[in-house]
Amino acid sequence: MRIKGIYATRPAIIQLLILLLFLLAGAVLSSIISTGLLLATHGLQADITQDANLMRFVQFISAICTFLLPAIAMAWTCSDNPCHYLSIKKITDGRIWILTLVCMFLFSPVINLLGLLNKQMELPAFMAPIEEWMRAQESLAEQLTTILLSSDSFWVILSNLIVIAVTAGVTEEFLFRGALQRVIGKWASNPHTIIWVAAILFSAFHLQFYGFLPRMILGAYFGYLLYWSKSIWIPVFAHFVNNAFAVIGMSDSRLKDNEFITGDIPAEHLLEFSLIALLSILLFILANRRLRKLLLDC
């Protein structure tokens with residue numbers, strides 16, 4: 001039976017259901033592997049938060065199974081050319097990689113400011129139980145991140161860069177920009193609609209609602225990088241750079257409590273930080289204009 005491209009002509013709703021099935025299968029596979037590993041190494045009563053190395057490995061397995069494998073399965077079953085489906089295309093112009101790095105650096109203050117604004121969100125009183133659940137999810141995510149980034153050892157930082165920056169950058173971009181934007185593109189022809197719908201779903205998938213706005217903006221920017229370049233490796237690299245900045249900043253004992261790194265800006269410094277963010281976004285626009293031209297020409 002021919003499997004390659006078997007669903008290529010199916011409508012968007014069918015392909016979306018297929019993607020959801022692949023995601024469910026990936027999540028189940030990840031859960032089986034992680035649970036088996038936990039039982040084999042720590043027993044039934046184990047608390048995974050007590051073993052940061054195991055947490056990293058479980059996160060790595062989860063990313064591969066939940067994001068990368070479904071993206072590859074979609075590319076294989078929904079296209080006769082999986083590499084083209086996932087926009088796997090070489091970019092050899094070194095200027096593009098340097099400008100992408102510069103743009104992500106310049107974008108960081110703006111993302112931090114958006115995150116600060118997002119954290120001020122308050123739901124109406126009748127939605128108090130939902131808000132309490134959202135804050136609990138946010139607190140749990142912060143707790144797990146703190147455990148992973150609790151050491152400034154070279155090997156721990158390297159491990160975190162591999163899991164949080166490299167693996168997340170590759171797997172999440174292959175799924176959300178590589179596969180999901182293709183599926184949405186079957187339903188909508190407007191590239192802006194495709195990019196922003198994927199960005200909203202990308203942010204919502206993380207279940208960190210007090211970081212929803214900055215993550216959505218980042219997701220949209222990654223989507224535009226793919227749209228301009230037609231290469232998945234550019235948003236992968238941008239995603240890696242964003243996560244690597246966070247890993248390095250939060251792992252360094254001299255930087256992790258710095259308000260400009262954490263984004264927790266006190267009211268007395270808010271004006272100063274806003275001016276920095278304004279200058280940064282102006283420089284970002286100039287750098288991104290040059291980057292966009294290079295990407296469209298490559």
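Ser87 is buried, with a relative accessible area of 12%; buried means under 20%, exposed over 50%, and partly exposed in between, using a 1.4 Å probe and protein chains only. This is a predicted model, in which local features need pLDDT of at least 70, side-chain atom pairs count only at pLDDT 80 or more, and totals for chains, interfaces and linings use all residues. Residues are numbered from 1 along each chain as its sequence is written, and side-chain values use heavy atoms, leaving out hydrogens and water.

You will find Ser87 in the loop between α3 (82-85) and α4 (94-119); helices are DSSP runs of H or I with at least four residues, numbered from the N terminus. Its phi is positive, near 60°, and it is not a glycine. Most residues other than glycine have a negative phi.

Now look at Lys230, another residue that is not a glycine and has a positive phi, about 60°. Lys230 sits in the loop between α8 and α9 (233-251) and is partly exposed, at 47% relative accessibility.

What about Ser229, buried or exposed? Ser229 is buried, with a relative accessible area of 1%, and it belongs to helix α8 (residues 212-229). Beyond its neighbours within four places in sequence, Ser229 is in contact (heavy atoms within 4.5 Å) with Lys89, Ile91, Ile234, Leu295 and Cys298.

Finally, follow helix α11 (residues 270-297), where Leu282 lies. Leu282 is partly exposed, with a relative accessible area of 49%.

Definitions and conventions. Helix = DSSP H or I, 4+ residues; strand = E, 2+ residues; numbered from the N terminus.
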